[in-house]
Amino acid sequence: MRTKVAIIGAGPAGLMLGHLLGREGIDSLILERQSPGYVLQRIRAGVLEQGTVDLLRDSGAGARMLAEGLPHTGIELSFDGDTHRIDLAALTGRSVMVYGQTEVTRDLMALRAQSGAATVYEAADVALHDVGGAPRVTYVKDGRTHELACDFIAGCDGFHGVSRASIPPSALTVFERVYPFGWLGVLVDKPPVADELIYAHHARGFALCSMRSATRSRYYLQCRIEESVEAWPDDRFYAELRRRLSPAAAAALQQGVSIEKSVAPLRSVVVEPLRFGRLFLAGDAAHIVPPTGAKGLNLAMSDVRCLFEAFADHYRGNSAAGIDHYSARVLRRIWKAERFSWWMTTLLHAFPESDGFSRRIQRADFDYLVSSQAAQTVLAENYTGLPIEG
Ligand code: RFL
Ligand code: PHB
């Protein structure tokens with residue numbers, strides 16, 4: 001078997017790359033370890049930047065998002081109960097779209113099935129070979145070993161995938177920050193507490209009120225890394241959430257029976273460079289951001305847009321420039337998103353080791369933000385998404 005681009009992973013990064021390549025007539029094969037059902041039941045991100053919305057729409061993958069997604073022109077920040085709205089649209093002329101990662105994935109899966117391009121689900125033991133020369137990928141499907149020869153491999157297989165692990169450690173530098181807490185998330189079929197997202201700092205820890213639709217809410221609480229969901233029955237979760245919100249938001253909160261509950265650790269990771277021979281890393285395979293800035297899914301999308309442009313340049317004009325510059329080009333933007341996600345996390349969370357000095361600096365950061373249009377513009381520009389340069 002042979003394809004031009006072997007894509008490892010059918011998350012949003014892999015599916016979007018396959019979609020963009022297919023529109024350009026460049027064939028690809030996607031290898032995914034899990035089943036389609038498993039991929040679709042993972043509850044993850046919920047906010048799409050303007051650039052992600054534009055990419056989905058302009059590539060013909062945005063119809064349902066445009067019909068069913070919720071455009072948001074602002075977010076609310078709350079600090080020890082004091083609230084302030086950041087008017088994203090007035091500050092930047094840009095907005096965001098609330099549309100779940102699950103739905104983006106479902107739409108891209110449907111387009112790929114329609115296009116006839118191949119995706120092998122439940123591909124076990126995926127292994128990359130001869131990445132520096134004539135790359136091949138082997139995998140086991142239905143008990144048989146298959147081999148796929150290709151021009152390039154796109155490692156879109158997330159943080160625990162095989163692609164990054166196939167690069168010799170001596171060829172990669174890993175930059176990492178682990179935060180001393182996680183997020184406990186709940187999905188519930190109740191209307192959201194407010195029309196817009198609420199990011200709340202409280203001495204007891206961060207809280208986020210998000211949503212998936214007018215009838216489905218997504219709530220998060222900062223928790224210990226090793227927290228177990230069993231320790232958080234719904235009554236305890238909602239009581240804690242109410243304590244961390246402003247009185248008005250707490251009063252509007254509708255409690256329901258959670259349909260999903262999970263704990264995710266928070267960390268910042270970037271590996272450099274994002275290329276090893278003919279293997280390219282994109283999305284969570286290349287970097288992790290803490291979810292506070294809502295950047296993970298959006299970075300995956302901007303990475304694959306750049307990777308697609310690099311491959312398209314190569315196949316159209318035999319120019320290697322795009323491929324040679326991919327890593328440096330996307331890393332500049334990745335680091336800006338890392339900085340923003342780290343800053344939002346630092347502003348809004350309660351750090352176990354923090355003393356009176358750092359708590360007052362945090363409060364001053366919030367007070368400065370609400371009093372300065374310049375500071376709010378910085379937040380709004382980053383939240384709605386920075387341009388792709390180069
Ligand atoms: P994904 O979505 O992890 O997809 C990678 C795919 O690769 C497959 N895979 C393999 N396939 C073949 N062979 C192997 N050896 C393989 N190993 C893995 C996996 O099964 C999977 O289908 O990465 P991608 O496409 O780069 O997309 C990135 C986003 O998913 C991610 O950045 C965000 O979801 C991060 N994230 C969140 N971001 C937000 O902005 N807001 C959130 O609320 C939010 N919640 C989350 C998250 C990530 C989580 N993870 C990774 C555990 C919650 C969680 C739990
Ligand atoms: C979500 O809805 O899951 C969500 C929204 C905003 C974030 C993180 C997660 O910053």
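How far is an oxygen atom of ligand 1 from an N or O atom in the side chain of Tyr220? The distance is 3.1 Å, in a predicted model where local features need pLDDT of at least 70, side-chain atom pairs count only at pLDDT 80 or more, and totals for chains, interfaces and linings use all residues. Residues are numbered from 1 along each chain as its sequence is written, chains are lettered from A and ligands numbered from 1 in the order in which they are written, and side-chain values use heavy atoms, with hydrogens and water left out.

**Ligand 1**

- Ligand 1 is surrounded by 29 residues, a residue being counted if one of its heavy atoms lies within 4 Å of the ligand, and the closest are Glu32, Arg42, Arg44, Gln101 and Asp284.
- The shell of ligand 1 holds 14 nonpolar, eight polar and seven charged residues, where Ala, Val, Leu, Ile, Met, Phe, Trp, Tyr, Cys and Pro count as nonpolar, Asp, Glu, Lys and Arg as charged, and the others, Gly among them, as polar.

**Ligand 2**

- Around ligand 2 there are 14 residues, the closest being Tyr199, Ser210, Arg212, Tyr220 and Pro291.
- An oxygen atom of ligand 2 is 2.7 Å from a side-chain N or O atom of Arg212, one is 2.8 Å from a side-chain N or O atom of Tyr199, and one is 3.3 Å from a polar backbone atom of Thr292.
- Taken alone, ligand 2 exposes 280 Å², and the protein buries 96% of that.
- Strand E14 (207-211) and strand E15 (217-223) are the elements that give two or more residues to this shell, which divides into eight nonpolar, three polar and three charged residues.

**Helix packing around H1**

- The axes of H1 (residues 12-23) and H9 (residues 296-317) come within 9 Å and cross at roughly 30°; axes are lines fitted to C-alpha atoms, for helices over the stretch in contact, and angles run from 0 to 180 degrees between N-to-C directions.
- The residues of the contact of H1 with H9 (heavy atoms within 4.5 Å) divide into 13 nonpolar, no polar and one charged.
- The axes of H1 and H6 (residues 101-115) come within 10 Å and cross at roughly 35°, and their contact is made by residues including Met16 and His19 of H1 and Gln101 and Arg112 of H6.

**Backbone features**

- The peptide bond from Glu272 to Pro273 is cis, with omega near -10°, and Pro273 sits in the loop between strand E16 (258-272) and strand E17 (275-276).
- Glu122, although not a glycine, has a positive phi of about 50°, and Glu122 lies in the loop between strand E8 (118-120) and strand E9 (124-129).

Technical notes
Polar contact = N/O pair within 3.5 Å; in protein donor to acceptor, adjacent residues only side chain to side chain. Areas by Shrake-Rupley, 256 points an atom, 1.4 Å probe, with all protein chains shown as cover. Helix = DSSP H or I, 4+ residues; strand = E, 2+ residues; numbered from the N terminus.
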